[in-house]
Amino acid sequence: MTQPSANPLGDVSSIHAVFFEETDEHLAAIEEVLLRLDLAAPAAEDLNAIFRAAHSIKGSSVMLGFSEIGALTHIMENLLDSLRKGERALAQRDVDVMLRAGDVVKMQVAFRKGALDEPPDMRAVETELRELAESGARAAAQARRYAVRLGPLSDPIDESELEKMLAGLDEMGTVLRRDVRNFAGGDIRFDVSLAGAQDDLRSVLSLVVAPELVEVARVDGTEGTRVEAAARAAEESVAEDAGFDLFVDPHALRGRRASDRPESVPGDAERHGRRESDRQVHGVQGDASWIRVKVEKIDRLVNLVGELVITEAMLAQQYGNPDEDLRQGELTGLRDLARHTRNLQDAVMSIRMVPISAVFSRLPRLARELSQRLGKEVEVRISGEATELDRSLIEKITDPLTHLVRNAIDHGLETPEARAAAGKPRCGVVSVSATQRGENVVIEVRDDGHGLDRERILACAAERGVAVAHGATDQEVWQLIFEPGFSTAGSITEVSGRGVGMDVVRRNIQLLRGNVELASRAGEGTTVTVSVPLTLAIIEAMTVAVSGETYALPLASVLEVRRVKADEIRGVAGRGLTLRVRDDYLPVQTLGKGDIAVIVEADGARAALLVDELVGQQQIVVKSLETNFRRVPGISGATIMGDGKVALILDIAHTVSQVDRGSRVRH
Amino acid sequence: MSKSILVVDDTRSMRKMVMSVLESAGYSVEEAVDGAEALEKAKARVFDLVFTDQNMPRMDGITLIRSLRQLAEYDSIALIVLSTETGDELKARGRAAGATGWMTKPFEPTKMLDVVRRFIA
């Protein structure tokens, strides 16, 4: 063990202070990620984040002579590495033991700081952690890995049969990397590693599909060598090798000319590192018409195409002026470039499209568990699961959709007894469907329960002091459900009453530039319709100028544009400025000094935005402001215009609600 | 004029340790929190030597070294990986990317200074 002698590190106490502080931060981050890990499908970036935090703690603690902390974080690193490589599936126990290990490190830090009198006992957790870390490598080394494909399916497999089969396999071994496309024409693929024979595997699989649809391929031994290498690396102890490998002689380095650089071919080492992922071609010798590609690669492609679209727009703007002295050939070239760019963009975006079955397939299980807990009977009917959506949307729509289905079962459906009494079948039906309409995907969650209770909603609104016009239409009354914190549930149930209401669902959908609508009939049920755009990366936008800056407005929310005369805008008592449009008075938001009014709509509310000038209409590539800068209320993102300048994209829903609230407050 | 060294590591305490060792020997030291920031700094001024961690967010050490070797100014500058990683495969990747050497953490401060003296006076 290398121990820095006689403090050549200088002021050790100030380094200690930094180390304690950053270790506490790392531990908090580890805990936060561990608690939100999805056991069934842990995100690679989450595992990486924990790995990196443990890695940082290890490095510094060993340098500072805190060998107990170094030893524990080293084993944790090994465990994470094994999980990250998929040698073993993540289990609740991994999370539990890592959380405990984090606690022990925290106590160790406290002890080193002098805040604890005695060091914590690390042995128990260290033993457990080591056992977990080694079990992955062992399992991977012993088990054989098979790539399984069931299909092409003529009909979807019964969900519960499928779940049962996968659960059974999980008991025999470990199911990895599943890709369930359970619909007609789809197939189900997964890898399974087991110690047993291939014949046993086949016979289990034949329980759910006809034997001729079962394809099993042994994944070759390369996995094994990788595991051995990993095990070897794990054996090398933290401190054994404190050496220095010299790759280049210092004299040679000094005398080297620019012509004889080392093998610094760009991407060389990358290729090296990525061989692993490239090998993830599914089924190996199975079906050659599918390949699995890392998401990052596709994202990179999308980004590059985005840049290309911007460059193309720039060229078009520069030479698009008919006065420009351009030869016919150049003009044709530009037009071709525009067309090819557009086609390329469509093609690339389509790679990111994923069938919504990725979300839908979880719903039956959710419904089963929920209905059991609530003592209800429910049948989930799913349709349109082959409808495709941008991958990033699939992730973001999962929570709201899950919430809607929960709501439907918890609040929508009656108990079997109540249903029987009302002359309905005891078993309620929740239908979930998806269809593509133009540039949008419409998802419907429909239940055949008792429907929304108008009187109860009104009573609840009155209780909360929300004013409702007399003779409000049903549609207006249903909107109240979207008010923050609104709940009509007689009692707060364990399932839905956790403070996450329809307002959160709507806000999440709005963040995706989508909207939510409600329809309900007493005694017949409720239908929630969610509409979201196919993709978030590129939108059709209207660009306007305000005080010399360009802003973009999503075209989908623009109703009309008109020039207004000064006397059309009036200050109505208590409502701020309003613009009369036909028979309606719209609240006005003055952005610039101009006389152009852009009428926009969001969530059924409209507003007029006054801007200086209309610039045009074009496709824009949406860049997140949050990732590149920080979140700004009223702004949903940014884009790069043809002239290279940045234009902010207005968040219409936010803007409309602001002017709307402004006019309401002064009632 | 003292020689300048760039220290790249995402761990604050590790940066501080490396810096205090190097500063104690009279070098002028700058720090960067990851490969991406290091690349920016290295483009703004040429350092006489770079120590970089391997495992960092945004840009890792090997990628940093490969990027630096593309710059004419860094053609003959010592770029040394300072990492807890000891795997041969990774070292080979570092070497292919143009790393001058690979130092393993935990390191002996005196050894670090020895290594530095081999490359810069």
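**Exercise 1.** Find the bridge partner of R446(A) in β12(A), and then describe how the strands around β12(A) are joined.

*Solution.* Begin with R446(A), whose bridge partner in β12(A) is T527(A). This is a predicted model, in which local features need pLDDT of at least 70, side-chain atom pairs count only at pLDDT 80 or more, and totals for chains, interfaces and linings use all residues. Residues are numbered from 1 along each chain as its sequence is written, while chains are lettered from A and ligands numbered from 1 in the order in which they are written.

Next, take the strands (DSSP runs of E with at least two residues, just as helices are runs of H or I with at least four, numbered from the N terminus). Strand β10 (residues 440–447) of chain A runs antiparallel to strand β12 (residues 525–533) of chain A, and eight bridges join them; two strands pair if DSSP finds at least two bridges between them.

Then turn to strand β11 (residues 515–521) of chain A, which is antiparallel to β12(A) and joined to it by seven bridges. Here A519(A) stands opposite T527(A). Finally, β11(A) and β12(A) form a hairpin with three residues between them, and G523(A) in the turn has a positive phi of about 80 degrees.

**Exercise 2.** State which residues of α11(A) are buried, and what they pack against.

*Solution.* Helix α11 (residues 295–319) of chain A has 25 residues. Its buried residues (20 or more other C-beta atoms within 10 Å of their own, with C-beta atoms placed from the backbone) are V302(A), V305(A), G306(A), V309(A), E312(A) and A313(A). These buried residues pack against α12 (328–351) and β21 (613–621) of chain A, where contact requires C-beta atoms, placed from the backbone, within 7 Å.

Technical notes: The expected span of a helix is 1.5 Å times one less than its number of residues. A residue is buried if 20 or more other C-beta atoms lie within 10 Å of its own, exposed if 12 or fewer, and partly exposed in between; C-beta atoms are placed from the backbone. Two residues are in contact if their C-beta atoms, placed from the backbone, lie within 7 Å.
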